[in-house]
Amino acid sequence: MSSAPLSAPIEAVNKIIEKPLDILIEKPVDEKSRKKRKKAITVTSSIIVLSGLVALLNPKFSGKTLVKVQKLYHEAAEKLAKNKDNKTLKFTTKVYEKMMQGLEFTNNFNSAKDVWFKRLCLEEKSFLNVKNKTCRNVLQKLDSAFRFVVTKPYNAITKGFDNIGKKTVVRKYNNLNKELDKLELLINKHKANLSPEDSKKVEKLLIEISEHRKYFSKTSLDERLLAQENLMQNLERDFIKQYRSYVKGFTNLGTDKTEHFSKNFSFWAQDIMMPARNKLESNGQQAISKLFNVEGKKGAYTEILEILSPHLDDTGCKLFKNVENRMKKANFTECVEYFDKKRDLVLGGAPTDIVTALGGIALSGVAISTADNKDERISRLITSGFPVIAGLGTSLALTGMLFSGIKGLAIGGLTGLGFNFVGEKVDDIRLAAKHKTIIKNDLESKKAFKETDNA
């Protein structure tokens, strides 16, 4: 009977200890519900990553893209005209025109946004339209303080992106020159096996090559990069002038606004700079044509290859082809990819990319902070936060390295989704380990309590 008064509290304590154990073992966490919640987090993460990337890259379609679209249209139009398929031709033409308008609108909108953000950060504002003197003075002081804070970071970001782009160009030319040196060693190695007549031809061609190679030297490249910078000194001014002229067209009451929008919104900075870019690219192609075949014209290396071909194996022939490809890619990177990037940087593209990236990260932070508890916050950080940062970081790095907006978007998005997938696996392992630890601790607590009770 004496044990009866003690049994009630002991049973009560046992129930308290066993209750969490029952929840974990007999009634485990609803895995279906947890996976559903995690799937929602994954979807949210993917949306944040992709929307952030789209905003970040502000895709500015290069002249090459526009030319490719035009070429595809003209090829399709010629085939349809030959087949007298007028109905499909009209539809194709309409789609093409709308597509071109869309590409031009995207380019213009993003360039205009970059320019006005640049002016907000760097240009002194007078606020003369504010009539109240006190209010005007306050606004001027706020503007001065704002510019004091943002000017150095703004210029540093622009310079940093420009340096990355330049290094990409320089690296391609350095790699090209290494391959050219290898090619020269190969030619000199096999020259001894040639007839005296062929040997003299090769010697003469090598003298020509040494002169033509100067175009691809670092000194010549530095001069051309400086020329690009000088060409763009007045770019921002010219762009603003054209933009204001375009906007002014909407104020004329007699103007059909829809027609004005569709026909005149094609003044993008690329149009301003296109003649200069085409000239630089053409100069590069001419330099290449003196060394390799371009439009049927034999270059010096091509002539040497014809003489040496009986003495070369596949590796030697591939070296000639590899040099030609590197030469064309280096010229394209310098005169098209870097030129386009430099133009966007002059208009203020890099800082807006950074601001948008920070916005994407901030959105991810909000998603993490709204979690119900610490455990869920950790899950969101692993499956959402890190993927966003990885995706945006990858895209920023790729745009700096002169990858096109579309490539950067694709690779950055895949990087974010890849980190999301890895994050889910890591989170599964983390939760499973935590689950086992809780069970182990509860079992040990229960065992210790029973041992104490028995004692």
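1. Overall content. The protein has 455 residues, of which 38% count as buried. Its secondary structure comes to 15 helices and 0 strands. Among the contacts with a separation of 6 or more, 81% are between residues 24 or more positions apart.

2. Confidence. The model is predicted, with a mean pLDDT of 78 for the protein, and 75% of the residues reach 70 or more. Residues 1-7 have a pLDDT below 50, and beyond near neighbours in sequence this stretch makes 0 contacts in the model. Residues 50-59 also have a pLDDT that stays under 50, but here the model has 31 contacts beyond four places in sequence.

3. Helix α5 against helix α6. Helix α5 covers residues 133-191 and helix α6 covers residues 196-212; their axes are 11 Å apart, at an angle of about 160°. Angles over 145 degrees count as roughly antiparallel, so α5 is roughly antiparallel to α6. The crossing of this pair is left-handed. From α5, the residues in the contact are Ile187, Asn188 and Lys191; from α6, they are Ser199, Val202, Glu203 and Leu206. Sorted by class, this contact has 3 nonpolar, 2 polar and 2 charged residues.

4. Helix α6 against helix α11. Helix α11 is formed by residues 300-308, and its axis comes within 9 Å of that of α6, with a crossing of roughly 160°. The two helices are therefore roughly antiparallel to each other, and their crossing is left-handed. On the α6 side the contact involves Asp198, Lys201, Val202, Leu205, Leu206, Glu208 and Ile209; on the α11 side it involves Ala300, Tyr301, Glu303, Ile304 and Ile307. By class there are 8 nonpolar and 4 charged residues, with no polar ones.

5. Lysine 204. This residue lies in helix α6 and is exposed, with a relative accessible area of 58%. Lysine 204 and alanine 300 are 96 residues apart in sequence, but their C-alpha atoms are 9.5 Å apart in space.

6. Serine 210. Serine 210 is also found in helix α6. Its relative accessible area is 45%, and serine 210 is partly exposed. Glutamate 184 is 26 residues away from serine 210 in sequence and 9.9 Å away in space, C-alpha to C-alpha.

7. Phenylalanine 127. Most residues other than glycine have a negative phi. Phenylalanine 127 is not a glycine, yet its phi is positive, at about 55°. Phenylalanine 127 sits in the loop between α4 (86-122) and α5. With 23% relative accessibility, phenylalanine 127 counts as partly exposed; the cut-off for buried is under 20%.

Conventions:
Residues numbered from 1 in each chain as written. Predicted model: local features only at pLDDT ≥ 70, side-chain atom pairs only at ≥ 80, totals over all residues. Heavy atoms only, no water. Axes fitted to C-alpha atoms, helices over the stretch in contact; angles between N-to-C directions. Helix = DSSP H or I, 4+ residues; strand = E, 2+ residues; numbered from the N terminus. Parallel < 35°, antiparallel > 145°, perpendicular 65-115°, else oblique. Left-handed = near helix turned anticlockwise from the far one by under 90°. Contact = heavy atoms within 4.5 Å. Nonpolar A, V, L, I, M, F, W, Y, C, P; charged D, E, K, R; others polar. pLDDT = per-residue confidence, 0-100. Buried < 20%, exposed > 50% of the residue type's maximum accessible area, 1.4 Å probe, protein only.
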